Amino acid sequence: PGLPHGRELDAEVLRQRALAALVAARERTALLTDSVDDHDLTAQHSPLMSPLVWDLAHIGNQEELWLLRAVGGREAMRPEIDGLYDAFEHSRASRPSLPLLPPSEARAYAAEVRGRALDILDGAPLHGAGRPLERAGFAFGMIAQHEQQHDETMLITHQLRAGPAVLGAPEPPRPTEAAPLPAAEVLVEGGPFTMGTSTEPWSLDNERPAHRREVDGFFIDTAPVTCGAYLRFVEDGGYGDPRWWEPAGRAMVREHELSAPLFWYQDAGQWLRRRFGVTEPVPADEPVLHVSWYEADAYARWAGRRLPTEAEWEKAARHDPASGRSLRYPWGDGDPTPDHANLGQRHLRPAAAGAYPAGRAPSGAGQLIGDVWEWTASDFLPYPGFAAFPYREYSEVFFGPEHKVLRGGSFAVDPVACRGTFRNWDLPVRRQIFSGFRTARDA
Ligand code: AVJ
Ligand code: FE
């Protein structure tokens, strides 16, 4: 038995990558679901979120649908539960009252599915030819990303959950004097660049295809807006000043009496925040987190600036003027390491503005990947030539003006579900997500 070679080597490398991605996702799912008791797993911590035990069985059910049934051609294991775990059949708020699998059964189901999925992975062809679902291990990569996306969702539920901390993590790295940010903002010259991808093997349908985009010159912040900067907007009466707000944002502020980001409150004149069960002073130099699109948009207007469009964000993050090419990541084509970006729930907070000098883009902007999801000015729309794959309900049914695009990923995103081309979206009122922003202006 010699070493695999040629096409076989590629298939073996892909198999190892798919296996590692699936194993890493399951370890994280276990951390998030074993750290609380059965009561916490089945409770509704917020009407905005599913009970954790729903996410757990939904992860298994999606894996069964795509890896066992679609790729492996297997019979349904428990067809009667499909409807319970179809995200389109029941709202998040209604899920606690469904006859969900109890925690022990949900765990056993997900584990049983995983065992069978790994058998199928062992025999799958995975090379460049063949069925689109198996090509380059796409379905396995898609399912690893899906599980990691729900792990981020479960981390949001952990943040919303009342009670003492159950999760811990080391502090993220601090900025160093040896590698300061070049300036508060950088100029990105006007001209075309390549947006999206046609080559990234595990890219999801909405990231494709690669296409040329013309972008006028603009300035963009070199770091996400910090809590300290945002606090000046708060203390300047920004939430009460109709000049800064879109009408629907103003209505949201009044209806819910908002006066600061979610999880912030004032105590004896000091600004505090609750973070995974711990109360602490708001850190001035950390990117602001838990703001809605309306709040980001209002802050930008108050500052005499605007949110970057999605195309501007991607050009600032990927365009390399030296080669004229778009990079996979701001720092180049290599996969993220802990030196590049704050990803993968290694830390339970964003790093201070100016951290991760090794992750900066050719434009000079930093922390585009990791730390906080960044709201953009843009609606979630398909790229020219978009084709839904493998199911319309991943992206296509969400296209339109009601969803705004977020880019770059947060500290809670795993590298497998984060790229320079990766697109996230949400309603402009949402603020429980790990969302922040940076600002821009016309050149
Ligand atoms: C891409 C993060 C908006 O969580 O609603 C998970 C990802 N899609 N299961 C979401 C997703 C189906 C999705 N987002
Ligand atoms: Fe899902």
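1. In which strand is Asp426 found? In this predicted model, Asp426 belongs to strand E12, which spans residues 423-426. With a relative accessibility of 19%, Asp426 counts as buried, because the cut-off for that class is under 20%. Apart from neighbours within four places in sequence, the contacts of Asp426 are Trp375, Glu402, His403, Lys404, Leu406 and Ile433.

2. Arg95 is buried, at 4% relative accessible area, and, when residues up to four places away in sequence are not counted, it touches Ser50, Pro51, Trp54, Ala87, His90 and Leu100.

3. Elsewhere, an open, antiparallel sheet is built from three strands in the order E1-E4-E14. Strands E1 (185-188) and E14 (440-442) are the edge strands, and each has a single partner strand, so one side of each remains without a neighbour in the sheet. On average, and with direction ignored, neighbouring strands of this sheet are turned by 25 degrees against each other.

4. Within the sheet, strand E4 (residues 218-221) pairs with E14 in the antiparallel sense over three bridges, and Phe219 has Arg441 of E14 as its bridge partner. Helix H9 (residues 310-318) packs on this sheet and touches E1, E4 and E14, with its direction at about 75 degrees to that of E4.

Notes: Residues numbered from 1 in each chain as written. Chains lettered and ligands numbered in written order. Predicted model: local features only at pLDDT ≥ 70, side-chain atom pairs only at ≥ 80, totals over all residues. Heavy atoms only, no water. Pairing = 2+ DSSP bridges. Helix = DSSP H or I, 4+ residues; strand = E, 2+ residues; numbered from the N terminus. Axes fitted to C-alpha atoms, helices over the stretch in contact; angles between N-to-C directions. Contact = heavy atoms within 4.5 Å. Buried < 20%, exposed > 50% of the residue type's maximum accessible area, 1.4 Å probe, protein only.
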